[in-house]
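Please read it with the structure open.

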Amino acid sequence: MVTFFSANEVVELAMRIEQKGQAFYLLAADEAKDPAAKEFFDFFAEEESKHEMFFRGMRDRLGNIEVPPGSDYEEYTQYVMALVDSHDVFNFDYTKAFKDADFSFEDAVRAAMRFEKDTILLFTELKRMVPESEQKFVEECIDEERGHLRLLAQKIRD
């Protein structure tokens with residue numbers, strides 16, 4: 001039996017990813033000792049919030065449009081869920097890590113880089129699961145995530 005689900009369910013997943021990212025960045029900002037580090041992480045928290053609102057609008061536009069299945073649709077869905085399950089931000093206790101004296105600003109930036117990289121990978125796959133009319137918007141979000149990754153990498157180099 002072929003499984004159908006709505007495109008807005010895919011977008012809900014993207015929203016949850018952005019919410020988790022925002023929570024990570026807010027925690028990093030709260031734990032930052034240096035005001036510049038706090039401002040740095042607050043910026044990224046706001047960016048994740050903007051992305052969540054972007055996906056919320058997409059979800060509302062899509063309604064209950066079913067994602068068209070292919071012959072390997074179930075296998076593909078399992079692949080995407082495996083990506084989600086391996087996503088760092090879903091599986092790591094950052095609250096505990098931030099309380100550890102050894103978890104530095106650089107560690108937080110590197111964790112954020114992994115989050116952004118994983119998000120790019122996930123969104124690239126999710127883009128294939130939304131209607132063509134919405135794919136350009138997902139690509140814009142992917143481009144912003146790439147920009148975030150560049151900013152984070154630059155911070156490590158500075």
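How close do the axes of helix α6 and α7 come, and at what angle do they cross?

1. The axes of helix α6 (residues 105-127) and α7 come within 9 Å and cross at roughly 160°. Angles over 145 degrees count as roughly antiparallel, and α6 and α7 are therefore roughly antiparallel to each other. Their crossing is left-handed. By class, the contact of α6 with α7 comprises 13 nonpolar, four polar and eight charged residues.

2. The model is a predicted one, and the points here should be read accordingly. Its chain holds seven helices and zero strands; from the N terminus on, the order of elements is α-α-α-α-α-α-α. Of the 158 residues in the chain, 44% are buried. Among contacts between residues at least 6 apart in sequence, 82% join residues at least 24 apart.

3. Helix α7 (residues 132-157) also meets helix α2 (residues 35-62): their axes come within 11 Å and cross at roughly 170°. That angle makes α2 roughly antiparallel to α7. On the α2 side, the residues in contact include Phe-40, Phe-43, Phe-44, Phe-54 and Phe-55, together with Glu-47, Glu-48 and His-51. On the α7 side, Phe-137, Val-138, Cys-141, Leu-151 and Leu-152 are among the residues in contact, as are Glu-144, Glu-145 and His-148. The contact of α2 with α7 has twelve nonpolar, two polar and seven charged residues.

4. Does the length of α7 fit what its number of residues would give, or depart from it? At 1.5 Å a residue, the 26 residues of α7 should span 38 Å, and the end C-alpha atoms are 38 Å apart, which agrees.

5. Which residues of α7 are buried? They are Glu-134, Val-138, Cys-141, Ile-142, Glu-145, Gly-147, His-148, Leu-152 and Ala-153. Of these, Glu-134, Val-138, Cys-141, Glu-145, His-148 and Leu-152 also belong to the contact with α2. An α-helix has 3.6 residues a turn, so residues three or four places apart point the same way.

6. Leu-122 lies in helix α6. Is Leu-122 buried or exposed? Its relative accessible area is 1%; Leu-122 is therefore buried, the cut-off being under 20%. The C-alpha atoms of Leu-122 and Leu-13 are separated by 9.8 Å, although these residues are 109 residues apart along the chain.

How values were computed. Residues numbered from 1 in each chain as written. Predicted model: local features only at pLDDT ≥ 70, side-chain atom pairs only at ≥ 80, totals over all residues. Heavy atoms only, no water. Axes fitted to C-alpha atoms, helices over the stretch in contact; angles between N-to-C directions. Helix = DSSP H or I, 4+ residues; strand = E, 2+ residues; numbered from the N terminus. Parallel < 35°, antiparallel > 145°, perpendicular 65-115°, else oblique. Contact = heavy atoms within 4.5 Å. Nonpolar A, V, L, I, M, F, W, Y, C, P; charged D, E, K, R; others polar. Left-handed = near helix turned anticlockwise from the far one by under 90°. Expected span 1.5 Å × (residues − 1). Buried < 20%, exposed > 50% of the residue type's maximum accessible area, 1.4 Å probe, protein only.
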